[in-house]
Amino acid sequence: MHSLINHFRIAGLSVTTGSVRRNFIADGQANGIPLAQLERIAKTIGLRDRMVAASNVTALDLCEDAARRLLSEMNLDASSIDAIIFVTQTPDHSQPNNASLLHGRLGLSKSAFAFDLALGCSGWVTGLHQAALLCAHGGAGRVLLCAGDTLSRLTNIKDRTADPLFGDAGSATIVERTGQPNPVHFVLGADGKGAQSIIVPAGGARQPAGELTRVEEPDASGNLHHDENLHLDGAEVFNFSLREIPPAIQSVMQQAGYTSAQADALVLHQANKFIVESVAMKVGFTKDKAPAGIVEKFGNQSSASIPCALIDALGDTLSQKSLKLVGCGFGVGLSWAAFAGEVGPLIIAPIQPYPVSK
Amino acid sequence: MTDVTEKQFRALQAEVDVLAGAVLDTPLASVPQWDSLAVLLVITHFEHVYHVMITGAEVRACSTPRDLIKLIPDAS
């Protein structure tokens, strides 16, 4: 689906990461994997460090920290927020939703609307689309979009293909209605037939968690996981990324009238360096215009990875002036969401771990 | 035809590092580090060179590099 939304802007961005640093090489060696093999994977996939959440810290806590720091940086009062959208696959509870919990924690107005979007890596762009709709057509003047996950909790340490990939983070984005025209194009899509490629089989209503859902079994490659773990078919996800994402990006760029030369940057969901570089190359972006270094600092941060890439790679520029940006999130669902338009200048609260070590 | 197969295999070896020491009929199961990353590199090679998207399941169903070459369109 193509969607053109006008009269909104991204006014502020912040990201809070987990506070525990994990190193791919050190963890692999501790698991008895030869150094040469680890270095080959580290170099090709772009794995080095990742920041995971301390025990008892959830995506709600990470997003609350990001939101509080951003509101403070922007000198905004929580009462000025008309709606809160929380994008997560790792909510505190099956009910109530995280948006309501954060609404309460931040003390938002009772007239502020609160809902969750159950999405992962495509979720920040999808959430931006929803926030933009609320501003442009839904009566909201200011929306707080929170997007984040603690996926590192869902992987099995004995699953050497999935466990080393994920970091934990929460992001906060302030989206505002403006009087100025600022057209942003979106292309959103889904392939539900691929749902099994990224799945946590148990713990929902279909297969409630229990003793039997925690029995570990090896997959074809000998990696161990149980039904409450995140199961990731890396080859299928890679295939999906190369098949569906370049056409979605080309489509949104065409709608916006951008060429890869005219756009200032392509900001992709930071799944891993290999996927980001493969997709960027297919749509004609040079490496210097398609940031790919987020994963080796923080890990795959699910829906927080695009805001993290925006701050890490482009934050200094975006706080000064506007850039013609193209972005795309893609993953669990399977689903994707791309955007193209001018972003900035905006206010940034820096990337910071939570809790901050004393 | 054999020359073509050899040539295609050498191109594959250049991008899939772990196949460097293999020959066409080496069992893939015996190749050290024939892992999920190697599968990704094979998919990428097919995409780059032949502009076809093969699946992880197709790659994993292959027993030898010769089977991989058979996945190339128009290859017999």
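At what angle do helix 3 (residues 59-73) of chain A and helix 4 (residues 98-106) of chain A pack, and how many Å apart are their axes?

**View 1. Packing of helix 3 against helix 4 in chain A of the predicted model.** The angle between helix 3 and helix 4 of chain A is about 45 degrees, and their axes lie 11 Å apart. Because angles of 65 to 115 degrees count as roughly perpendicular and those under 35 degrees as roughly parallel, helix 3 and helix 4 of chain A are oblique to each other. Their crossing is right-handed.

**View 2. Residues at the contact of helix 3 with helix 4 of chain A.** Helix 3 of chain A contributes A:Leu60, A:Cys63, A:Glu64 and A:Ala67. These meet A:Asn98, A:Leu101, A:Leu102, A:Arg105 and A:Leu106 of helix 4 of chain A. Six residues of this contact are nonpolar, one is polar and two are charged.

**View 3. The two domains of chain A.** Domain 1 of chain A spans 2-177, and domain 2 of chain A spans 184-349. Taken over C-alpha atoms, the centres of domain 1 and domain 2 of chain A are separated by 13 Å.

**View 4. The side of domain 1 of chain A that touches domain 2 of chain A.** In chain A, 55 residues of domain 1 are in contact with 56 residues of domain 2. Among the elements that each supply at least two residues to this side of domain 1 are strand 1 (2-5), strand 2 (8-17), helix 2 (35-46), helix 3 and helix 5 (123-137) of chain A. Strand 4 (49-52), strand 7 (142-149) and strand 8 (169-177) of chain A also each supply at least two. The residues of this side of domain 1 comprise 25 nonpolar, 21 polar and nine charged.

Definitions and conventions: Residues numbered from 1 in each chain as written. Chains lettered and ligands numbered in written order. Predicted model: local features only at pLDDT ≥ 70, side-chain atom pairs only at ≥ 80, totals over all residues. Axes fitted to C-alpha atoms, helices over the stretch in contact; angles between N-to-C directions. Helix = DSSP H or I, 4+ residues; strand = E, 2+ residues; numbered from the N terminus. Parallel < 35°, antiparallel > 145°, perpendicular 65-115°, else oblique. Left-handed = near helix turned anticlockwise from the far one by under 90°. Contact = placed C-beta atoms within 7 Å. Nonpolar A, V, L, I, M, F, W, Y, C, P; charged D, E, K, R; others polar. Domains from an automatic or database assignment.
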